[in-house]
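I open my notebook at a new page. I will look up one thing at a time and write down what I find.

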Amino acid sequence: ISHELRTPLNLIVGFSDLMVQSPEYYGSTLPQPYQRDLAIIQRNARHLQALVDDVLDLARIDAAQMSVVLEDARPEALARDAAEIVRSLVEARGLSLQTRVAPDLPLLRVDATRIRQVLVNLLNNAARFTEQGGITVSVEGGDEEVTFTVADTGVGIAPEYLPRVFQEFQQVDGSPRRRHQGAGLGLAISRRFVEMHGGRIWVESALGQGSTFRFALPVGRAEAAASGFFLACSTSPE
């Protein structure tokens, strides 16, 4: 299924990228209406590609076939790397992005790619639902666990939606007229990745007052938590 879905999607994304970004390859500039339509194809193909990746990730997790590459990672590096990945998106929306890191944080034994993806998912989600103000990603911890926080000054979440924000295919606004696109998978996958590491994730929010997402990871117990998945180990710090 992965092959049958990804192969045609990769072709669509690849050719639309080429036509949008390098029109000179075809010998002449495309007319403006063609450029507009190609940009729509490119944007929606990328959205569909991301959705397929998310669905396949969930399927692998459910089947305990997700690979987990454990390594020693510095929490501050994970937070700053994720912030840099989304910085251009956040600043393009006229928002501020701050990073606050406590001193002397312990190393984490985690799959750095998966945890970085959790942070990027939370930051992207915050950017989508924030129209003014900014986003803050912070890290603090002790001997038992390290806590990552992504706080925004966005629209917030109504109390009736809070219990199911981490469920698959759930939208904060599920109406056909909703202003914010998304398939409702980013937070669900983030929860799964955090739980794969023996951690926990939660949210605090109120309408009009922004949202604060937090997840905590245990220090030094990732191997036991990820025992149902394919493991590979590295000893180099992130």
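Entry 1: I began with D104, which sits in the loop between β2 (96-101) and β3. Helices here are DSSP runs of H or I with at least four residues, strands are runs of E with at least two, and both are numbered from the N terminus. The model is predicted: local features need pLDDT of at least 70, side-chain atom pairs count only at pLDDT 80 or more, and totals for chains, interfaces and linings use all residues. Residues are numbered from 1 along each chain as its sequence is written, and side-chain values use heavy atoms, with hydrogens and water left out.

What is the phi of D104? I found a positive value near 55°, in a residue other than glycine. D104 counts as exposed because its relative accessibility is 80%. The cut-offs are under 20% relative accessible area for buried, over 50% for exposed, and partly exposed in between, with a 1.4 Å probe and protein chains only.

**Entry 2: the whole chain.** I counted elements next. The chain has 6 helices and 8 strands. From the N terminus they run α-α-β-α-β-β-α-β-β-α-β-β-α-β. Of the 238 residues in the chain, 40% are buried. I also looked up contacts, meaning heavy atoms within 4.5 Å. Among contacts in the chain with a separation of 6 or more, 73% join residues 24 or more positions apart.

**Entry 3: aromatic pairs.** Rings of Phe, Tyr and Trp (its six-membered ring) pair if their centres lie within 6.5 Å; planes under 30 degrees apart are stacked, over 60 edge-to-face, and the rest tilted. How many aromatic pairs are there by this rule? I got 2. F148 and F215 are stacked, because their ring centres are 4.9 Å apart and their planes meet at 10°. This pair links distant parts of the chain: F148 is in strand β5 (residues 145-152), F215 is in strand β7 (residues 211-218), and 67 residues separate them. Are they buried or exposed? F148 is buried at 1% relative accessibility, and F215 is buried at 0%.

The pair of F166 and F213 is edge-to-face, with 6.0 Å from centre to centre and 90° between the planes. F166 lies in the loop between β5 and α5 (186-196) and F213 in strand β7, so this pair ties together parts 47 residues apart in sequence. F166 is buried at 11%, and F213 is buried at 5%.

Entry 4: I stayed in strand β5 and picked T147. T147 counts as buried, with 12% relative accessibility. Leaving out residues up to four places away in sequence, T147 touches S138, V139, E140, W202, R214, F215 and A216. T147 and L217 are 70 residues apart in sequence, yet their C-alpha atoms are 6.5 Å apart in space.

**Entry 5: empty space.** A rolling probe the size of a water molecule shows where empty space is left. I searched the whole structure and noted 1 cavity of 30 Å³ or more. A cavity is a set of points on a 1 Å grid over the protein atoms alone where a 1.4 Å probe fits but cannot get out; lining residues have an atom within 4 Å of a point. The largest cavity has a volume of about 110 Å³. That volume is the space filled by probe spheres set on the points, which are joined across faces, edges and corners.

**Entry 6: two more residues.** R109 is in strand β3 (residues 108-110). R109 is buried, at 13% relative accessible area. T130 is in the loop between α4 and β4 (134-141). T130 is buried too, with a relative accessible area of 0%. Beyond its neighbours within four places in sequence, T130 is in contact with R93, L95, D152, T153 and G154.

Terms used. On a 1 Å grid over the protein atoms alone, a cavity is a set of points where a 1.4 Å probe fits but cannot get out, and a pocket is an open set with protein on both sides within 12 Å along at least five of seven lines; lining residues have an atom within 4 Å of a point.
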